[in-house]
Amino acid sequence: MNPPRTPRVLVLDDEADLRELLEITLIKMGLDVDSAATLRQARALFDENDYALVLTDMRLPDGLGLELVREIAASGKGTPVAVITAYGSADNAVVALKAGAFDYIAKPVALDALRLMVRSALKLSESGGAAGEGAPTGSRLIGDSPAMQSLRAQIARLARSMAPISITGESGSGKELAAREIHAQSSRAGKPFVAVNCGAIPEMLMEAEFFGYRKGAFTGAAEERDGFFAAANGGTLMLDEVADLPLAMQVKLLRAIQERRVRKIGATNEEPVDVRIISATHQDLARCVETGKFRQDLFYRLNVIELGLPPLRERLDDLGLLTAGILDRLAGPGNAALGAGVLDALRAYSFPGNVRELENVLERALAFANDGVIEVGDLSLKAARPLGPGTQDAVAPVAPVQPTPEAAPQAPAAVARQASASSGKLAAYLDQIERDVMTHALRESGFEQMQAAARLSISLRQLRFQMQKLHI
């Protein structure tokens with residue numbers, strides 16, 4: 001039996017001192033290293049050998065490292081390529097990632113960060129990229145439609161890179177599932193996946209939640225706490241509904257992503273972090289940039305690769321597999337089934353709330369079903385009428401409270417007794433009125449929460465707080 005072959009790395013840099021530093025670091029990691037000072041030398045070495053990683057500078061005497069990135073990406077060998085960029089040249093890093101680079105590291109090269117990146121690349125090379133064809137076993141993304149097969153193929157390719165990904169899609173289309181699938185197929189699968197809903201964090205707590213804080217940094221900071229970046233260190237950080245981030249927080253987030261370092265509140269030193277960023281939103285981020293709601297530099301940083309998810313109405317052929325999977329999860333395998341005509345009724349519906357709405361419809365129907373068999377009458381699809389593309393989950397109509405007709409004048413004692421008896425009902429009555437007003441605003445705005453908040457002249461956070469409080 002032949003002993004395992006030592007991974008080989010190709011280093012391309014025209015600075016002799018830096019090239020030697022990289023060689024020594026990689027050799028100490030137990031790797032074989034070939035070095036080149038020009039593109040011509042690197043191309044000759046790449047043609048003659050198989051490499052687990054290629055590490056190249058961006059600017060070289062006879063061209064750009066970007067040329068080598070593109071050539072290796074087109075070679076079909078699947079070799080990860082990492083680029084070395086000058087300090088502060090984040091734009092070059094983004095261009096390299098878009099061209100197919102696995103990752104980047106900025107000068108001056110931090111050796112700890114270099115070792116982490118090399119280990120990630122070696123894990124990727126060891127996997128051989130076999131997951132790239134078709135759906136991996138146990139995929140979270142159910143469906144055999146052409147749209148889903150294409151999506152899974154894209155995810156298999158994207159999982160090989162460390163480039164930031166922006167996932168777009170309507171509400172309920174499965175953006176977090178797609179992010180988890182990317183993480184699961186990447187070299188970071190054994191590390192944490194942390195999903196953060198940016199719209200659900202109060203603005204005053206955002207910095208503490210993302211970056212953490214030291215003990216005594218502010219009133220109530222009784223002990224030191226890590227933030228989301230530290231919690232996801234070595235893994236993936238998903239920023240869901242990233243368009244809801246306030247501008248002040250966008251600046252701090254941009255620096256953390258570019259520098260790969262964070263400073264806890266109350267700390268004087270920055271700490272290195274190694275996370276892959278995946279962002280998601282149902283809003284049009286480019287439009288948010290045009291209106292000044294979202295920073296262009298952060299958009300450019302997050303939107304290196306865009307992954308679009310198809311709405312359910314464009315893959316209705318998957319309904320059979322989806323309903324079977326959802327029912328197995330809700331009731332257990334074999335404990336629930338669809339009656340005659342149910343699947344046809346579901347196919348005739350547009351599902352503005354996508355897969356999330358399908359889950360809600362089936363869960364509600366299962367509660368009314370006899371012996372676990374769902375009939376057409378159990379679906380109650382009229383309560384969630386089609387609202388068109390780009391909408392949030394439909395909300396079932398709430399019957400408005402009919403105020404009691406004004407009664408004849410009563411004696412003061414009788415009024416007092418009635419007020420005392422009705423005091424417990426007043427709060428519920430006012431809540432119902434507020435619920436009706438908010439539900440109406442949501443319907444009128446096509447269930448776009450931002451538009452509904454504007455109609456009600458309240459902030460998006462106030463709207464979401466009240467929706468949670470009133471169980472909308």
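Helix 3 (residues 65-75) of this predicted model lies across strand 1 (8-12), strand 3 (53-57) and strand 6, and runs at about 155° to strand 3, where helices (H or I, at least four residues) and strands (E, at least two) are DSSP runs numbered from the N terminus, and where angles, from 0 to 180 degrees, are taken between N-to-C directions of axes fitted to C-alpha atoms, for helices over the stretch in contact. Residues are numbered from 1 along each chain as its sequence is written. Because the model is predicted, local features need pLDDT of at least 70 and side-chain atom pairs count only at pLDDT 80 or more, whereas totals for chains, interfaces and linings use all residues, and side-chain values use heavy atoms, without hydrogens or water.

The open sheet comprises 5 strands in the order 2-1-3-6-7, with parallel pairing, two strands being paired if DSSP finds at least two bridges between them. Strand 2 (32-36) and strand 7 (103-106) each have a single partner strand, so one side of each is left without a neighbour in the sheet. Strand 6 (residues 81-85) is joined to strand 7 by 4 bridges, and V83 has Y104 as its bridge partner in strand 7.

Neighbours within four places in sequence aside, V54 is in contact (heavy atoms within 4.5 Å) with residues including L10, F46, L68 and I72.
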